[in-house]
Amino acid sequence: MIHKQVINHRQIAWLIGSVLITGALISQPQTLAKIAKNDAWFAYIIPTFYAMLVALVFARLTRAYPGKNLFEIIFLVGGRWIGGIVNAIVLFYLWLLIVADIKGVSFYLHLTLLPRTPLEIILLVFVLVLMYYGRTSTEVAARVNEMYFPVFFLIATLLYFTLSNEYAVERLEPVLESKIAAVGLINLVASGMFGDIFLFGAFLHAISHSRLLYSTMKHGAIIAGFSLTLVMVIQLGVMGYLITSRLSFPLHTLVQQIHITDFLDRVEVILFSIWFPAFTIKVVITYIAFLVGVGSFAGQHHYAACNGPCGLFVVVSSLLSFPKTDDVLRFISYGMPAISLILQLPLLAFLFAAARLRERGSGHDPLPVHTREYKRFRTWSWINKLALLVCVVSIVGGALLEERIRFAGLVSGATYFFCYLVALVSSYLEMQAINHLKHKQTQGKETAAAEQ
Amino acid sequence: MNRVFLVLYGLMLLASLIQFFMKRKNMPVKQRRVVGFFYLITIGLFAALQFQLNVIMPTNYLADVFSVGLQQWLEKIR
């Protein structure tokens, strides 16, 4: 078993938000705008459900195999050889994530900020940062993320106001004119991107309460979905779908449009200085998950011993992969989502079945149902489910009625956005309610133990 | 290939290998095998990097064939 790491529920939710948002912002808007044109902002509801599915399976695994991470569980369930093969496939997937992100950000920095610096040097310095964090633990990355992610989220939200002089609602209209199949397709593509949440399986040993884990991961996924929806609305409202679909780095060009009065210019430099650390933490977390996976093969309690060789391997394999910018952008937009779904769906089904079999016959602590905190938790949980359901209904209803009723698309779009916001708030309150419930349960057990 | 990178990376790899050879007797067997495996692949890929042998990487197929095929399929059906 790996040594105990402690990250609280808020850190997990923000880490998930950071991982999902920062990765999707590089070039995904281009792909989504190509497929669904000005309806690309409806792309993040099915991915949220997919992330919730992953969260459900992980919560079950935490309950069935307490204190174990994903790799240890796979070895326990599959045995030495089959478990080893499956773990090797998961490690290959994590390596693909790391290489795609490192090469993508190296190209981005080389093209936009550091054109005279050799690509190899940018990549080496970036991996040195990963190796520096690899000597520490997830707790350090989670604490650094606590500094940058809230600012990044706030800035993403404020983009609407800073770009209000460039924004035109007419560029989003007609809402839901695209075929429902196109909207379904962009949700499928974005689901693959949200598959990055799978890497948190490497940190299951850090979380003890399964129900809190589920609520936390759900909240993180909804934060990501809402933020990305908002950014897409702004992207399409400012630049339109035609320009967005032709840009390699649409968000970079979007923030370059910020002009607040005559002297507040180059605001994108400030935004970039917040986005870059948040993105780096994403790659750090992926790298630490990779080290945890390699450590599970080495049979060791701490993965830092593999940091040096893994870091050097990542440098040279990243340099050899994706020789051109288009290669990595195309892979991130099309290949990676497909690979995520192909690898993850069967593995999730297998792990869920394994967790169910393990739990059969074994009791687990039920939640105290007659407490005020439990009632609060149930209320917010139901509001959250209802809000997400209304989001789906609004898309389908709007797409079907758009041709017959003039304002159907606009009304369904507004309903979708409002319900997503309600889902965000209710998921936060649900997470807090279950956290208070968990504390009350823990205090009750301590009191009972003291009295005995 | 940039010479500064080659020198820096070469020195890092050498220092890491020396450290491994000095500490390997105290390492458990499994850990020694895993770390040794990564060093072997790294040295092999470093040699391939000098000849720009990008085709040996699985990412070559994933980027040039798999992703392109998917992109064309998505553009056909949308």
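1. In this predicted model, the side chain of A:T244 has a polar atom 2.7 Å from the backbone oxygen of A:G240. For reference, a polar contact is a pair of N or O atoms within 3.5 Å; within protein, one must be able to donate a hydrogen and the other to accept it, and residues adjacent in sequence count only if both atoms are side-chain atoms.

2. A:T244 belongs to helix α8 (residues 210-244) of chain A. Helices are DSSP runs of H or I with at least four residues, numbered from the N terminus. With a relative accessibility of 0%, A:T244 counts as buried, a term that means under 20% relative accessible area (1.4 Å probe, protein chains only). Leaving aside residues up to four places away in sequence, A:T244 touches A:P29, A:Q30, A:A33, A:Q235, A:L236, A:M239 and A:P250; contact means heavy atoms within 4.5 Å.

3. A:L32 sits in helix α2 (residues 28-36) of chain A. A:L32 is also buried, at 0% relative accessible area. Its contacts, again without residues up to four places away in sequence, include A:Y44, A:I186, A:V189 and A:M232. A:L32 and A:S245 are 213 residues apart in sequence, but their C-alpha atoms are 7.6 Å apart in space.

4. Helix α3 (residues 45-64) of chain A has 20 residues and should span 28 Å at 1.5 Å a residue; its end C-alpha atoms are 29 Å apart, which agrees. The expected span is 1.5 Å times one less than the number of residues. Of the 20 residues of α3(A), 14 are buried, so this helix is largely enclosed by the rest of the structure.

5. Chain B and chain A meet through 38 residues from chain B and 41 residues from chain A. The area buried between them is about 3500 Å², and carbon and sulfur atoms give 79% of it. Buried area is the accessible area (1.4 Å probe) that two parts lose on being put together, summed over both.

6. Across the interface of chain B and chain A, 3 residue pairs are in polar contact, both residues being at pLDDT 80 or more. On the side of chain B that touches chain A, the elements giving two or more residues are α1 (3-23), α2 (29-50) and α3 (58-77) of chain B. The most come from α3(B), with 13 residues.

7. On the numbering and limits: residues are numbered from 1 along each chain as its sequence is written, and chains are lettered from A in the order in which they are written. Local features need pLDDT of at least 70, side-chain atom pairs count only at pLDDT 80 or more, and totals for chains, interfaces and linings use all residues, while side-chain values use heavy atoms, with hydrogens and water left out.

Technical notes. Buried < 20%, exposed > 50% of the residue type's maximum accessible area, 1.4 Å probe, protein only.
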